[in-house]
Amino acid sequence: MSAVFFLKKSIYSLIINVLMLTFTIGNIAYAYVVNHASILPLNKRFYFLVADSTHVETSAHFAVLSGGAGYLLEYNDNCYATISVYLTKMEGEKAAKSLKSQGTKLVEVSAEAVYLKTKKEKSAAKYLQGAFDCLYACIKILNGEIVRLDNGATQESGERILRELEKQFSYLQEEYKKIFPLFSRLCDTAVKSLEIMRSDIIYVRDLRYLQCELCNGYRKLSQEFCV
C-alpha cells in the first residue's frame with residue numbers, strides 16, 4: 001500500500017509540475033508578444049440594452065414589434081436579444097430605466113486595443129487605425145440619426161444623411177479590400193443595408209439593427225488582433 005501511495009503521489013506531483021511549467025511558458029510567450037507588439041489603443045465601449053430573458057428569439061421578435069433592433073448579440077458564451085445599443089453608459093442606463101418594467105439589462109462590450117504583431121500589420125498601422133477611427137465616426141453619425149428620427153426629423157432629411165453615410169462606407173469598402181478584408185466586408189454589409197433602407201420608408205428599428213451590427217463588428221475586428 002505504501003509503495004502504491006508514493007507512486008500515486010509522484011505521478012500527482014509530476015502532473016502539477018507539468019501544468020506549472022506549461023503555465024509559465026504560456027506567460028512568457030504572452031509577455032514576449034505583448035512587449036514586441038505595436039499597440040493601437042481603442043478604449044471603446046458599447047452598451048447593449050437587451051431583454052432580460054432566456055427566450056432569446058421570442059424576445060428579439062417582440063423587440064422589433066416595439067421598434068427595437070431585435071439583433072442577436074453573441075457575447076461571452078451567451079446570446080441576447082438586443083433592443084438598442086448606446087455609446088455612453090449614461091445613455092444606456094437612462095434607456096434601461098425607462099424600460100425597467102419590460103425586463104431589460106445592459107451588456108457592456110468593449111474594444112480596448114489592437115496588437116500589431118507581424119511586420120505586415122505594423123507597416124499598415126496607420127491604415128488600420130484609420131479603419132477603426134472611420135468606423136466609430138460612422139457609428140456616431142448613425143447614432144445621431146437615430147436620435148433625430150426619434151425626435152421627429154423628416155424622412156427626406158434622414159434619406160440625405162443615409163445617402164452620404166452609404167457613400168462613405170462604399171469608399172471604405174473599396175479602399176480596404178486588400179489592406180483589411182474583414183473591415184471591407186463589414187462596410188459592404190453597411191452599404192447594402194443602407195441602400196435597402198433608403199429605397200423605402202426609413203424605420204428607426206432598422207437603423208438600430210445596423211448600429212448593433214456595426215458596434216459588435218467593431219469589437220470583433222479588434223479581436224482579430226488580440227494576444
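**View 1. Glu174 and Lys177, a pair joined by a salt bridge.** Glu174 has a relative accessible area of 49%, so it is classed as partly exposed. This comes from a predicted model. The partner of Glu174 is Lys177: the two form a salt bridge in which the closest N and O atoms are 3.2 Å apart. Lys177 is partly exposed too, because its relative accessibility is 41%. If you go looking for others like this pair, the whole structure holds eleven salt bridges.

**View 2. Glu159 reaches across to Arg198.** Here the side chains of Glu159 and Arg198 come together in a salt bridge, at 2.8 Å from N to O. This one ties together distant parts of the chain, since the definition of the elements puts Glu159 in helix α6 and Arg198 in helix α7 (residues 181-198), 39 residues apart. Is Glu159 buried or exposed? With a relative accessible area of 18%, Glu159 counts as buried, while Arg198, at 24%, is partly exposed. The pair also belongs to a network of salt bridges that links Glu159, Arg163, Glu166 and Arg198.

**View 3. Arg148 and Glu145, about one turn apart in helix α5.** Both residues sit in helix α5 and are three residues apart, which is about one turn of the helix. Glu145 is buried, with a relative accessible area of 2%, whereas Arg148 is partly exposed at 33% relative accessibility.

View 4. Glu121 belongs to helix α4 (residues 119-123).

View 5. You'll find Phe169 in helix α6 (residues 155-175). Phe169 counts as buried because its relative accessibility is 1%. What does Phe169 touch, not counting residues up to four places away in sequence? The list is Leu135, Cys138, Cys187, Ala190, Val191, Leu194 and Leu214. Cys134 is 35 residues from Phe169 in sequence, and their C-alpha atoms are 9.1 Å apart in space.

View 6. The open sheet has its strands in the order β2-β3-β1-β4, with antiparallel pairing. At the edges are β2 (71-75) and β4 (104-116), each pairing on one side only. Averaged over the sheet and ignoring direction, neighbouring strands are turned by 55° against each other. Strand β1 (residues 38-51) is joined to β4 by twelve bridges, and Phe46 stands opposite Val109 in β4. Helix α5 (residues 125-150) lies across β1, β3 (78-86) and β4, at about 25° to β1. Helix α8 (residues 204-223) lies across β1, β2, β3 and β4, running at about 145° to β1.

**View 7. Stepping back to the chain.** There are eight helices and four strands in the chain, arranged along the sequence as α-β-α-β-β-α-β-α-α-α-α-α. Of its 227 residues, 40% count as buried. Take the contacts between residues at least 6 apart in sequence: 77% of them join residues at least 24 apart.

Conventions. Residues are numbered from 1 along each chain as its sequence is written. This is a predicted model: local features need pLDDT of at least 70, side-chain atom pairs count only at pLDDT 80 or more; totals for chains, interfaces and linings use all residues. Side-chain values use heavy atoms; hydrogens and water are left out. Two strands pair if DSSP finds at least two bridges between them. Helices (H or I, at least four residues) and strands (E, at least two) are DSSP runs, numbered from the N terminus. Axes are lines fitted to C-alpha atoms, for helices over the stretch in contact, and angles run from 0 to 180 degrees between N-to-C directions. Contact means heavy atoms within 4.5 Å. Buried means under 20% relative accessible area, exposed over 50%, partly exposed in between (1.4 Å probe, protein chains only). A salt bridge is a side-chain nitrogen of Lys or Arg within 4 Å of a carboxyl oxygen of Asp or Glu.
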